[in-house]
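Welcome! Take a moment to look over the sequence and the 3D view, and then we will walk through the structure together.

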Amino acid sequence: MSRLIRMDHTGHSTLAEWTSDDPVAVEAAVTAFRAQLERGYLAMVSSGPGHAEQVRELPVDAPLVILRLPIAGG
Amino acid sequence: MAAEPQSPLPSLDVLPETAGVHWRPRVDEARLHRLATLWTLTTAAHVVPFVGSAALLMWLNPLTLPVALVLVAHAWVIPELYAQRGANVLRPHRRSAAAPEQRSLGLLGDLVGHDARDLLAETGLVLERGRFGTWLVGETGALLLRGRRVYCYCVRVDGRVTGASALPSGDRVAHLLLALRADERGFATVANLSFSGAPWRLRRRLRPAMRPALAEAEKGLDMRSSRSA
């Protein structure tokens, strides 16, 4: 089961869960994913130990997609 | 010949936040080296005139000892203030409620390895090996240990974005960690360099609970250098 989570004031919220063979769940996850990107969130997936990459389309096969806010110099 | 159409979106390999600091050159090995040299020269420019003046006064008239001591104190205090500024990048933010804190730390724990998880529990910092060196990531900044030098970067979740101020501590660290893992050069470009100098200068300015993380990062560097020797 793959998960789309957003880091927020609750620690994190699960926005969608899907399996690649469930088109309805995938569609719902894609819709939730795009809505968060429009809100300004950035989507990240782990790509091996110590590596992450940003994605602009929901990677359906990824086990975990994390939404984060932008960072800035303090 | 028709011009190549320009992509409307930047490459995904580059941290998108770098667009907000487009005037900064992207950090690379050479730039880190230049920054280190600049910090060393700046420190010398602060210290040498005071120490030199103190020595000159003593040579002219030993009765000026009190004034010479004041000058030496200035030479000592100014680099210490810079080191304090460096240590401040790891100052923890105020805590959220217990449940969000636990939840965020659980997610962060899932993102890091077993050893880093132990160190996180002990110090609140995540140790991450990068191409430039060893990073210690906190809630509002990160340290880069490289050779015999530490770089202190002030960087955080963009406070202008709605919801940023309410994030629990684990999420603050996770934001920085994911950005660092996605684009180390971009991360160092976006972050503001607060201090660069010898780790011993920084160590005594860090909160005692965080010092083991610095020691662990230095140990990792020593092991790297002994392997490459």
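**A walk through the two chains**

A:A25 is buried, with a relative accessible area of 16%; buried stands for under 20% relative accessible area, exposed for over 50%, and partly exposed for what is in between (1.4 Å probe, protein chains only). This is a predicted model, in which local features need pLDDT of at least 70, side-chain atom pairs count only at pLDDT 80 or more, and totals for chains, interfaces and linings use all residues. Residues are numbered from 1 along each chain as its sequence is written, chains are lettered from A and ligands numbered from 1 in the order in which they are written, and side-chain values use heavy atoms, with hydrogens and water left out.

Let us stay with A:A25 for a moment. A:A25 sits in helix α1 of chain A; helices (H or I, at least four residues) and strands (E, at least two) are DSSP runs, numbered from the N terminus. Leaving aside residues up to four places away in sequence, A:A25 touches A:E17 and A:W18, where contact means heavy atoms within 4.5 Å. A:S46 is 21 residues from A:A25 along the chain, and their C-alpha atoms are separated by 22 Å.

Now for the sheet in chain A. Its five strands form an open sheet in the order β2-β1-β5-β3-β4, with mixed pairing; two strands pair if DSSP finds at least two bridges between them. At the edges are β2 (13-18) and β4 (52-55) of chain A, each pairing on one side only. From one strand to the next, the twist averages 25°. Helix α1 (residues 23-38) of chain A packs on this sheet, touching β1, β2, β3 (42-46), β4 and β5 of chain A, and its direction makes about 145° with that of β2(A). Such angles run from 0 to 180 degrees between N-to-C directions, with axes fitted as lines to C-alpha atoms, for helices over the stretch in contact.

How do the strands join up? A:R3 stands opposite A:L64 in β5(A), while A:I5 faces A:I66. Three bridges connect β3(A) to β5(A) in antiparallel fashion, with A:M44 opposite A:I66. Four of the five residues of β5(A) are buried, so this strand is largely enclosed by the rest of the structure.

Chain B comes next. Helix α5 (residues 169-182) of chain B lies across β3, β4 and β5 of chain A, running at about 110° to β5(A). The contact between the chains takes 38 residues from chain B and 25 residues from chain A. Together the chains bury about 2,700 Å², 63% of it on carbon and sulfur atoms; buried area is the accessible area (1.4 Å probe) that two parts lose on being put together, summed over both. One salt bridge is found across this interface. The side chains of A:R68 and B:E17 meet in a salt bridge (2.6 Å, N to O), the rule being a side-chain nitrogen of Lys or Arg within 4 Å of a carboxyl oxygen of Asp or Glu.
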